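Dear colleague,

I am passing on the structure below, and would be glad if you could look through it alongside the notes that follow.

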Amino acid sequence: MGQDGFRVAEIDTTRPHPARIYDYLLGGKDNYEVDQRAGDELAAAAPEVRIGLQANRAFLQRAVRYVVGSGVRQILDIGTGLPTSPNVHEIAQEAAPDVRVAYVDNDPIVAAHANALLSSSGATSVVLGDLRDPQAVVDHPDVRRTIDFDEPVALLLVAVLHFLTDAEQPEQAVAALRDALPAGSFLVLSHATGDFADRSAAQAVYNNATATLNLRSRTEVERFFAGFELVEPGLAQVPFWRPDTTPPPRSREIGFYGGVARKTS
Ligand SMILES: C[S@@+](CC[C@H](N)C(=O)[O-])C[C@H]1O[C@@H](n2cnc3c(N)ncnc32)[C@H](O)[C@@H]1O
């Protein structure tokens with residue numbers, strides 16, 4: 001049994017899962033043959049995908065340090081993914097040991113690896129929850145135990161919104177979460193795009209997966225920040241969001257936008 005009472009045997013190894021494809025492409029071991037095949041197809045369709053995912057992970061680290069440096073002590077990370085060192089709570093707690101993190105993902109395999117996400121101080125929780133039901137996430141008792149919605153929260157939606165179709169109303173999901181957050185909170189968001197190359201073949205790899213890939217344009221991604229104010233430099237390809245080293249070669253090809261924004265009222 002894992003967290004929330006699901007059985008590990010329920011993990012589906014017949015279809016590729018976004019969390020496991022991502023893990024494979026980042027060099028992790030928590031994936032199956034079906035995910036490896038999808039990952040290889042993705043890399044063939046979009047040769048920059050591996051550096052893109054690494055750049056997304058590096059963006060996540062810089063953005064977490066930024067929000068913690070801005071004084072936030074609570075993080076709600078929806079679309080956590082499989083544990084990848086360093087995990088969000090490790091990055092955050094290195095900067096400020098009192099940061100609390102609620103991890104939320106709709107894939108049971110993430111909860112099955114919860115041990116790596118639980119901090120020894122009890123300052124983290126791992127919840128099986130779905131971005132398409134934001135109210136259930138906000139109301140979940142384990143989220144409430146970790147996050148005080150009267151204090152600023154950094155909401156992380158990093159490389160997850162592109163798994164929602166337009167019909168699943170991703171803008172409304174973000175708006176519902178925004179409305180649950182007090183002023184002084186932050187949104188950290190990254191999203192896949194086809195703005196820099198035709199990536200329809202990469203998108204097609206997910207047709208047989210447990211979630212589809214929905215590439216969005218700059219304008220579409222910017223809409224997710226409604227009700228927030230983007231901090232400098234605004235929405236950028238992830239390697240160019242406040243880089244702390246020289247962006248790697250071919251960074252201009254990376255199909256990931258990233259941005260951090262503050263809720264001011
Ligand atoms: C590509 S991984 C991103 C992991 C991490 N946020 C990062 O950027 O390194 C996307 C994660 O989102 C999760 N996910 C996809 N759709 C979701 C949904 N509707 N609700 C919650 N999690 C979802 C997947 O299971 C996967 O673990």
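In this predicted model, helix H1 (18-25) passes helix H2 (residues 33-45) in a right-handed crossing. On the H1 side the contact is made by Arg-20, Ile-21, Tyr-24 and Leu-25, while H2 contributes Asp-35, Gln-36, Ala-38, Gly-39, Leu-42 and Ala-43. Sorted by class, the residues of this contact of H1 with H2 divide into six nonpolar, two polar and two charged. The axes of the two helices come within 9 Å and cross at roughly 65°, and because angles of 65 to 115 degrees count as roughly perpendicular, H1 and H2 are described as roughly perpendicular to each other.

By class, the contact of H3 with H4 comprises six nonpolar residues, two polar ones and one charged.

Turning to the ligand, you will find 22 residues surrounding it, of which Ala-19, Gly-79, Gly-81, Asp-107 and Leu-131 are the closest. Two of the helices already described, H1 and H3, each supply at least two residues of the shell around the ligand. In its make-up, that shell has 12 nonpolar residues, with five polar and five charged residues besides.

One further position that I would point out is Gly-71, which is found in the loop between H3 and strand S1 (74-78). Is Gly-71 buried or exposed? Gly-71 has 10 C-beta neighbours inside 10 Å and therefore counts as exposed, since the exposed class takes in residues with 12 or fewer such neighbours. Along the chain Gly-71 is 114 residues apart from Ser-185, and in the model the C-alpha atoms of Gly-71 and Ser-185 are separated by 9.8 Å.

Methods: Residues are numbered from 1 along each chain as its sequence is written. This is a predicted model: local features need pLDDT of at least 70, side-chain atom pairs count only at pLDDT 80 or more; totals for chains, interfaces and linings use all residues. Ala, Val, Leu, Ile, Met, Phe, Trp, Tyr, Cys and Pro count as nonpolar, Asp, Glu, Lys and Arg as charged, and the others, Gly among them, as polar. A residue is near a molecule or strand if its C-beta atom, placed from the backbone, lies within 6 Å of it. Helices (H or I, at least four residues) and strands (E, at least two) are DSSP runs, numbered from the N terminus. A residue is buried if 20 or more other C-beta atoms lie within 10 Å of its own, exposed if 12 or fewer, and partly exposed in between; C-beta atoms are placed from the backbone. Axes are lines fitted to C-alpha atoms, for helices over the stretch in contact, and angles run from 0 to 180 degrees between N-to-C directions. Angles under 35 degrees count as roughly parallel, over 145 as roughly antiparallel, 65 to 115 as roughly perpendicular and the rest as oblique. A crossing is left-handed if the near helix is turned anticlockwise from the far one by less than a right angle, and right-handed if clockwise. Two residues are in contact if their C-beta atoms, placed from the backbone, lie within 7 Å.
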